[in-house]
Amino acid sequence: QVQLVESGGGLVQAGGSLRLSCAASGVILSINKMGWYRQAPGNQRELVADITSGGDTNYLDSVKGRFTISSDNAKNTVYLQMNSLKPEDTAVYHCNVRQYRFQYGSSYDYWGQGTQVTVSS
C-alpha cells in the first residue's frame, strides 16, 4: 500500500533552519495538492503550507517569509524549508497528499506519520 515517509525533523535553536521531506512509497495518481500541517500539544491542527499540482502556494500568515514549500511531482515528494525558526514553531509536522478519486467522485487524503520539530529559546 502507499505510505508517506517523512524525514528532517529535529532539535534546533531559535534562528536556525530545518528542511522537511516527504516521499510516497508507492505511486499516487491524480494529486490535487500536497501540504504540511502541524499540531502542538493542546492546540488544534493547522495548515502550515500547501502547493497545488500547478505550483500555486499558500502559507500560514505566521510563517510567511520564513518557510518555503516545494514539490517534485514526478517523484510524488514535497519539501518544507524552514528558516528563522522560533520556539512557537515547535510541533509535530505531518505531510499531506490530497488525491481526487474519479471512481468515487471525491477526494482522499494520505497522511505521514509525523516528524517532531523542537525549537529551543
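Biologist: Why is L18 called buried?

Modeller: Keep in mind that this is a predicted model. The relative accessible area of L18 is 14%.

Biologist: Which residues does L18 touch?

Modeller: Leaving out residues up to four places away in sequence, L18 touches G8, G10, V12, L80, Q81, M82, L85 and V117. Take G8: it lies 10 residues from L18 in sequence, and their C-alpha atoms are 6.7 Å apart in space.

Biologist: And where is L18 found?

Modeller: L18 sits in strand β3, which covers residues 18-24 and pairs with β1 in the antiparallel sense.

Biologist: How do you know that β1 and β3 pair?

Modeller: Two strands pair if there are at least two bridges between them. β1 and β3 have 4 bridges, so they pass. Across these strands, S7 stands opposite S21.

Biologist: What makes β1 and β7 edge strands?

Modeller: The open sheet has 4 strands in the order β1-β3-β8-β7. β1 (4-7) and β7 (67-72) each pair on one side only.

Biologist: What makes C22 and C95 a disulfide?

Modeller: Their sulfur atoms are 2.2 Å apart, and the cut-off is within 2.5 Å, so the pair counts.

Biologist: Why is the disulfide of C22 and C95 called left-handed?

Modeller: The torsion about its S-S bond is about -80°, so it is left-handed.

How values were computed. Residues are numbered from 1 along each chain as its sequence is written. This is a predicted model: local features need pLDDT of at least 70, side-chain atom pairs count only at pLDDT 80 or more; totals for chains, interfaces and linings use all residues. Side-chain values use heavy atoms; hydrogens and water are left out. Helices (H or I, at least four residues) and strands (E, at least two) are DSSP runs, numbered from the N terminus. Buried means under 20% relative accessible area, exposed over 50%, partly exposed in between (1.4 Å probe, protein chains only). Contact means heavy atoms within 4.5 Å.
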